[in-house]
Amino acid sequence: MLRLYTHEACLAHQPGAGHPESPARLAVVLRALDHDHYAALDRCEAPRATRAMLERAHDADYLERIFAIAAESARSGETLHLDADTVLSPHSLEAALRAAGAVIAAVDAVLDGTCRRAFCAVRPPGHHATATQAMGFCIFNSIAIGAAHALAVHGLKRVAIIDFDVHHGNGTQDIATREPRVLYLSSHQSPLYPGTGAASEHGSGNVFNAPLPPGTGSEEFRAAWRELLLPRLVAFRPQLILVSAGFDAHRLDPLADMNLGSEDFAWLGAELAALADAHASGRLVSALEGGYSLTALTAAVPAYLAAQLD
């Protein structure tokens, strides 16, 4: 069974007119998943993450600042900047709490046997948020929070994080570096924002990056995963696989210069499902990260999920 977590609050986060991380991104994904082919999806409302849950990945001082700025935004009705392209509007905190809560609930569901796989259709994205800093449209690092929850609450010893967003998940790598029970694997365009993710970056021996040049297409992308990254996943023998599912490496995406199609995301989705079945009792949780072409999202997200339907 594939469970879908989302919440209407995630549509209310408003970065501003013309901002690429718009509510329309999530709206088109949800419309695409209303197709009859996905009628069997078990649809669940994402709960709200608590401060204690957030503190497993983020510093308390950072959270204090975010909650204070969010309260000011709610009082004033103004959109306040956390950095040049990351904002808090009056409803952003609720959206970010639901996004993190979705991943936590999905982790609970796959670990208690309620379902085998889950997809969190949420925003804002999270993988650029470090323990102490919001950046790159990201406020809370939902995937890192989900991994920390699996370790702290469920007692897991090996949690793998897969990141195929076209931008390197510097925040997730930053948080994972401190935790040897977490494996972080990423493919991403380089050079590109945020400028991290070199092949030489290995954290505490638990980080492996595959930077790919602009123009990279299907053959090179699949080879990076098949020959470099997925063998690391197999060797790690994960008990749970978490996925930062960004679809901005699609050839139509306006923020990058990769040349992938929906079939490439379907291929990786199928590979991850098979490896989850082989090594993690099927436990696979994915969360929406980037993807800024509405046309690409409409096709690529359903393709990725169709490859994971039983």
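User: How much space lies in the largest cavity of this structure?

Analyst: About 40 Å³ lies in the largest cavity. This is a predicted model: local features need pLDDT of at least 70, side-chain atom pairs count only at pLDDT 80 or more, and totals for chains, interfaces and linings use all residues. Residues are numbered from 1 along each chain as its sequence is written, and side-chain values use heavy atoms, with hydrogens and water left out.

User: How do I read "cavity", and how many of 30 Å³ or more does the structure hold?

Analyst: A cavity is a set of points, on a 1 Å grid over the protein atoms alone, where a 1.4 Å probe fits but cannot get out. Volume is the space filled by probe spheres set on the points, joined across faces, edges and corners. Here, the structure holds 1 cavity of 30 Å³ or more.

User: Which residues line the largest cavity?

Analyst: Lining residues have an atom within 4 Å of a point. The residues that line the largest cavity are A99, V122, P124, P125, G126, S142, I143, A287, L288 and E289. Two elements, α5 and β10 (284–288), each give two or more residues to that lining. Element names come from DSSP runs, numbered from the N terminus: helices are H or I, at least four residues, and strands are E, at least two.

User: What classes do the residues of the largest cavity's lining divide into?

Analyst: The lining has 7 nonpolar, 2 polar and 1 charged. Nonpolar is Ala, Val, Leu, Ile, Met, Phe, Trp, Tyr, Cys and Pro; charged is Asp, Glu, Lys and Arg; the others, Gly among them, are polar.

User: P124 is in that lining. What kind of peptide bond runs from R123 to P124?

Analyst: Read omega. The bond from R123 to P124 is cis, with omega near 5°. P124 sits in the loop between β5 (117–120) and α5. S190 and P191 are also joined by a cis peptide bond, with omega about 5°. P191 belongs to the loop between β7 (182–189) and β8 (207–212).

User: On to the open space. How much of it lies in the largest pocket?

Analyst: A pocket is an open set with protein on both sides within 12 Å along at least five of seven lines. The largest pocket contains about 260 Å³. Its lining has 19 residues, and R56, A57, A148, I175 and E179 are the closest to the pocket centre. Elements giving two or more residues to this lining are α5 (142–154) and α6 (170–176).

User: Which element gives the largest share of that lining?

Analyst: α5 does, with 5 residues. By class, the pocket lining has 11 nonpolar, 2 polar and 6 charged residues.

User: α5 keeps turning up. How do the axes of α4 and α5 cross?

Analyst: Axes are lines fitted to C-alpha atoms, for helices over the stretch in contact, and angles run from 0 to 180 degrees between N-to-C directions. The axes of α4 (residues 92–111) and α5 come within 8 Å, crossing at roughly 40°. That angle makes α4 oblique to α5. The cut-offs are: under 35 degrees roughly parallel, over 145 roughly antiparallel, 65 to 115 roughly perpendicular, the rest oblique. The α4 and α5 crossing is right-handed. Right-handed means the near helix is turned clockwise from the far one by less than a right angle, left-handed anticlockwise.

User: And at what angle do α7 and α8 pack?

Analyst: α7 and α8 (residues 262–279) pack at about 15°, with axes 11 Å apart. That makes α7 roughly parallel to α8. α7 also passes α8 in a right-handed crossing.

User: Is F137 buried or exposed?

Analyst: Buried means under 20% relative accessible area, exposed over 50%, partly exposed in between (1.4 Å probe, protein chains only). F137 is buried because its relative accessible area is 12%. R237 is at 49%, so it counts as partly exposed.

User: How far apart in space are A24 and R178?

Analyst: Their C-alpha atoms are 35 Å apart, against 154 residues in sequence. A24 is in helix α1 (residues 23–32). A24 has 30% relative accessibility, so it is partly exposed.
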